[in-house]
Amino acid sequence: MLLQRLSLRAGLPPSPRTQRTTIFPRLAKALTQVGLARAKSNSFTHRGELRKAKRIVVKLGSAVVTRGDECGLALGRLASVVEQVAMLQNQGREMMIVTSGAVAFGKQRLRHEILLSQSVRQALHSGQNQIKDMSVPVFEARACAAAGQSGLMALYEAMFTQYSTCTAQVLVTNLDFHDDQKRWNLNSTLQELLRMNIVPIINTNDAVVPPPEPNSDLQGVNVGKGTGGTEGQEQGREVISIKDNDSLAARLAVEMKADLLIALSDVEGLYDSPPGTDDAKLIDIFYPGDQLSITYGTKSRVGIGGMEAKVKAALWALQGGTSVVIANGTHPKVTGHVITDIVEGKKVGTFFSEVKPAGPTVEQQTEMARNSGRTLAALHPEQRGEIIRHLANLLVEKKEEILAANKMDMDIAVNAGQLSSALLNRLSLSPAKLNSLAIGLRQIALASRDSVGRVLRRTRVAHNLELEQITVPIGVLLVIFEARPDCLPQVSALAIASGNALLAKGGKEAANTNRILLELTQEALDIHWVKEAVQLVSTREEVEDLCRLDEMIDLIIPRGSSQLVKNIQSAAKGIPVLGHSEGICHVYIDSEAAIDKAIKIVRDSKCDYPAACNAMETLLVHRDILRTPLFDQIIDMLRTEQVKIHAGPRFASNLTFSPSEVKSLRTEYGDLECCIEVVDSMQEAIDHIHRYGSSHTDVIVTENEDTAERFLQQLDSACVFWNVSSRFADGYRFGLGAEVGISTARIHARGPVGLEGLLTTKWVLRGDGHTAADFSEQGTMEYLHENLPVTQPQPRQIAAQSEE
């Protein structure tokens, strides 16, 4: 009995008598239970769940592993794959690799050997020209595989050794899955390797497999209909013949109960039409049954699978409980992180899911918003104003429903205990807040009368040839806000007034409130049949994924913490971002400042709402007011308000016992804390702000008008104030009705951005058969460039928004 257990442990076949009496009944029962368990197990339904994947199979297609000349390996790509797999392995995941490349490696090796084996005499007698024209022999694939397999494995072993990761080679054939004894041995071997933290590198044994059969590499066969082999284990299910690495990876993933199969090839994923065609769109999520609605492009330059084979293998694995992602492993900009991006749940490639969501995808939402937004832009200004006024009325009429939903969000947030008091205040709605919202929306409705289609400039270029510059919507806006549900109606009203489509991404803390506010917004839009112009993006969508939609979204506006804005600015590489990453605002107290004004302004700028982006973070004081009653009263006021003071380097040098010296003069505290620094002049204050500020809002307090005017003119910030609190940097206080955010960018809008900041322009030229040749050097017509008045009874309406 001991010998029997040892032979099983080592993977050796037991004696025939043992097979008949002990192994097969138990093996058949075990495999039946495994097959049923996998059939009943569930794959992940959403990309975000891929972070939970414990056991992962990475399939490397021939196009990923081999060079473009199909002779030799793409070492750079292979090295990046190894690095990612090793990193995930070291995180505690169980990684397996199904690899191609043995044929290409062997082809390179055999070609090299044959060329070297030619004698020098043959080379000399053949003539130089004949050497150049010498044809390379065609090698049989199985011979190439036999010659290249050891070299391929040695390369993997050397690469993984750099990350202190051990590997093991496993070669399989179709028989290893359909022969019960071999199948059990394979499963046992792989389980033991994973237990010992070893990465199995699996490949079909191409040296002995039969030649591939065209168009029949992945034909699913229903075992229950009588195919022999594993009928007892997988009745009613289809099995896959192992004739390429797509089928091998799928079969292996199901057999090993893998959570995720990542199939890397030379295309981004599945498309709704052949890749490369004008209208081809990448399919983000693919569901069983969708294969009838897509067409397949040409096969890869190498390999025997093809996309159709990959889809069949992926669907088979999905049926067995393994999630699948097909992605591009050859793109030079993403190869180095494609595997880790997939495991992190990012939108890479095509994700296979068994559960189709009830609502549209974010791509479909964006498309619907764009189409409906074009209709919205073409409405008469009074119609857009009517929509906004109706929304304002709904906020008042439905306030009980809104407050009930908001109470649910508040209760969840309080019980979770994860939000600060400031964030809870932002999350909370009240009848007074809703009334204020309604008033602001009516102001926006009034301002919308002369927004879209307004003529900014009119020029008569020549006789019967007039040029106009008119305002048009930007297109599709993505506004991301945290726990502030009141942002949704504000931003929706601004988008409607400016004729823009809107994707709103609210924080999950306000999910219930945002849902009812969206319903009311779309109810208002529906009075002119543009309901889909405003969409609420699911909280499951990652911000980085939204930032990848550069062909569908025209502008991103983040509203929230400086960290949120920084993350979005970093992620949105192809979409403009309107916002500010930090609000490092300064108040400069000049030597000629009035005491009462200085104290009031400093108190309001710092203490009114310290978490706001327009709150003061650094107080600059002229050296002449140190040790004066004015300075003492400012310090006393800050201490009374419980403001923690940090000393700048120059301020600290003037004190015997100073507060803690600041670590950085570029700090946004966002709390009852501030830095105090000393400057010798107004110009030095300007230089300090330019060096350490964030171009948000900066203030001078002085009674000297000349000093103030020079400060206002020379300081390059979005908002520059004289004897005014920094807290005035706000859309409502600027009379904008509302704001979508505050921008510190140099291009487009700056400061609080309201309706005007959501518009761009286009040029319209009206003529009477004019051609460019009319104005050539030989032409007879002359340019007039006569500026015409832009006043008109009503704004000119446009049929479409600006060019994409």
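Helices, in the sense used here, are DSSP runs of H or I with at least four residues, numbered from the N terminus. The exercises below concern a predicted model.

**Exercise 1.** Find what follows helix 19, and determine whether the residues of this helix are buried or exposed.

*Solution.* Begin at the end of the helix: helix 19 is followed by Gly-499, a residue whose phi is positive, near 75 degrees. Next, turn to the helix itself, which spans residues 487–497, and apply the cut-off that buried means under 20% relative accessible area. Eleven of the eleven residues are buried, so helix 19 is largely enclosed by the rest of the structure. Among them are Cys-487, Pro-489, Gln-490, Ser-492 and Ile-496.

**Exercise 2.** Locate Lys-606 and describe its surroundings.

*Solution.* Third, list its partners, setting aside neighbours within four places in sequence: Lys-606 is in contact with Met-616, Glu-617, Val-643, Asp-671, Leu-672, Glu-673 and Cys-674. Finally, look at the side chains, where a polar contact of 3.2 Å joins Lys-606 to Glu-617.

**Exercise 3.** Describe the protein as a whole by its helices and strands, its buried share and its contacts.

*Solution.* Start with the elements, which are 27 helices and 26 strands. Then take the 804 residues of the protein, of which 50% count as buried. Lastly, consider the contacts with a separation of 6 or more, 75% of which are accounted for by residues 24 or more positions apart.

Note on methods
Residues are numbered from 1 along each chain as its sequence is written. This is a predicted model: local features need pLDDT of at least 70, side-chain atom pairs count only at pLDDT 80 or more; totals for chains, interfaces and linings use all residues. Side-chain values use heavy atoms; hydrogens and water are left out. Buried means under 20% relative accessible area, exposed over 50%, partly exposed in between (1.4 Å probe, protein chains only). Helices (H or I, at least four residues) and strands (E, at least two) are DSSP runs, numbered from the N terminus. Contact means heavy atoms within 4.5 Å. A polar contact is a pair of N or O atoms within 3.5 Å; within protein, one must be able to donate a hydrogen and the other to accept it, and residues adjacent in sequence count only if both atoms are side-chain atoms.
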